[in-house]
Amino acid sequence: MQRQLREESDYDQLPDDVPVSAHIADAEQSKGFSSHIVYTIQVKQKGGGKYFIFRRYRQFHTLQAKLQEKLSPDNSSICDLPPLPGKVFIGHKQEIAEKRIPDLNIYMKKLLKLPAWILLDEDVRLFFHQTAEDSEQIPRSLRRLRPSTRKIKSQTEKEDLSEKSGAPQAEALYDFTGDNDLELTFKTGDIIYLLKRVNDDWLEGMLNNCTGIFPQSFVRIIKDLSEGTDSKKRLTDAHRFRCVYHDIQCSKIR
C-alpha cells in the first residue's frame, strides 16, 4: 500500500515540536549588501507552538531539489512531492515575490500534509526550524497574517446587486488566493463589497455571494467603510455579516 496518505496513528506519535502548518505572513526587501526578498513565515507545531522563520525563494528551491533526489524513482520511498513555482528571471523583484506567495503557501500546505515520515526528514525539519538568527529578527510588517476570526452569516434574503452600488467597496489590484474558507479569493479587477475592518492590515468583504477576509494591500479602496451608508436605507447583505472575536478572556460578537 502506498504511503501517500498520513495515518492518524503515525501523526499521533509525532513529537510536539514537528511543524504541521506554515503560512507566509509577508515578503520583505532584505537589508544589506545584496538585494533580495525574504519571506516571513509563521510556523505552527503539532504541540501548538508558533514562531516565525525567514526564508528566501532559493531555500525553497534547495529543499525541493534535496527531496526530489531522495524520492527519485530509484529510491524505495513512494511519495509524490507537491510542485514548486518555477524561477522567474525578468520582472520587479517585489512583484514576483508577491505573486509567488499563494503558490508557496499551497506548496508548504501540501508538503506538511504528506506522510509522517516526511515531516521527520532532516532537510524538512531544518527548513522549518527556527534558527538563532530567525529568533533575533523582528518582522517589519505582517500584511498576510490572518487574524483569528470566524464568520457568522444571518439568514436574510439576497438583494439585487444594483442596491449595493453605494456600499463601501474596493477594487482588487492583484490576484489573491485564500488558504482556507475564512479567506476571500479574488482576481485582479474584481469589485469587492466591504463588510468591516478586521485590523490595520485586513478587511472583510463579499464577492459573488462569498465572504472572507483579505489583506488591504491587495486592493484599492473605492468607497471606504468610514464613509458609511445612509442609515435610513435598508442594509445590504454585506452589513448583516458579523465576526466573532475570540481571545483567552472573552468572545465577542460584533
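## The β7–β8 loop

Asn208 lies in the loop that runs between β7 and β8. In this predicted model, the phi of Asn208 is positive, at about 55°, although Asn208 is not a glycine. Most residues other than glycine have a negative phi. With a relative accessibility of 67%, Asn208 counts as exposed, because the cut-off for that class is over 50%.

Asn209 is placed in the loop between β7 and β8 as well. Its phi is near 65°, again a positive value in a residue other than glycine. Asn209 has a relative accessible area of 49% and is therefore partly exposed.

Strand β7 (residues 202–207) is joined to β8 by six bridges, and the two run antiparallel. Within this pair, Met206 has Thr211 of β8 as its bridge partner. Strand β5 (residues 169–172) is joined to strand β6 (residues 191–197) by three bridges, also in the antiparallel sense, and Glu171 stands opposite Ile191 in β6. Four bridges connect β5 with β9, again antiparallel; here Ala170 stands opposite Ile221 in β9. In a regular strand, the side chains alternate between the two faces of the sheet.

## Helix α3

Helix α3 covers residues 93–111, 19 residues in total. At 1.5 Å a residue the helix should span 27 Å, and its end C-alpha atoms are 25 Å apart, which agrees. The helix has a kink of about 40° at Ile101, shortly before the proline Pro102.

The buried residues of α3 are Ile96, Ala97, Glu98, Arg100, Ile101, Pro102, Leu104, Asn105, Tyr107, Met108 and Leu111.

In soluble globular proteins, nonpolar side chains tend to be buried together. The largest nonpolar core in this model has 32 residues, and those with the most contacts inside it are Tyr39, Ile41, Phe60, Tyr107, Met108, Leu111 and Phe128. Two or more residues each come from β1, β2, β3 (50–55), α2, α3, α4 and α5. Helix α3 supplies the largest share of this core, six residues. Apart from it lies another core, of 15 residues, among them Ala170, Leu203, Phe214 and Val219.

Leaving aside neighbours within four places in sequence, Phe128 is in contact with Pro19, Ala22, Val43, Tyr51, Ile53, Met108, Leu111 and Leu112.

## Two partly exposed loop residues

His129 is found in the loop between α5 and α6 (132–136). At 44% relative accessibility, His129 counts as partly exposed. Beyond its neighbours within four places in sequence, His129 is in contact with Tyr51, Ile53, Arg55 and Asp134. Tyr51 and Ile53 are also among the contacts of Phe128. The C-alpha atoms of His129 and Pro19 are 8.2 Å apart, although 110 residues separate the two in sequence.

Ser35 is placed in the loop between β1 and β2. Its relative accessibility is 40%, so Ser35 counts as partly exposed. Not counting residues up to four places away in sequence, Ser35 touches Gln29, Ser30 and Lys93. Ser35 and Lys93 are 58 residues apart along the chain, and their C-alpha atoms are separated by 9.2 Å.

## Overall composition

The secondary structure of the protein comprises six helices and 11 strands. Of its 254 residues, 40% are buried. Among the contacts with a separation of 6 or more, 63% are between residues 24 or more positions apart.

Definitions and conventions: Residues are numbered from 1 along each chain as its sequence is written. This is a predicted model: local features need pLDDT of at least 70, side-chain atom pairs count only at pLDDT 80 or more; totals for chains, interfaces and linings use all residues. Side-chain values use heavy atoms; hydrogens and water are left out. Two strands pair if DSSP finds at least two bridges between them. The expected span of a helix is 1.5 Å times one less than its number of residues. The bend at a residue is the angle between axes fitted to the seven residues ending there and the seven starting there. Buried means under 20% relative accessible area, exposed over 50%, partly exposed in between (1.4 Å probe, protein chains only). A nonpolar core is a set of buried Ala, Val, Leu, Ile, Met, Phe, Trp, Tyr and Cys residues joined through side-chain atoms within 4.5 Å. Contact means heavy atoms within 4.5 Å.
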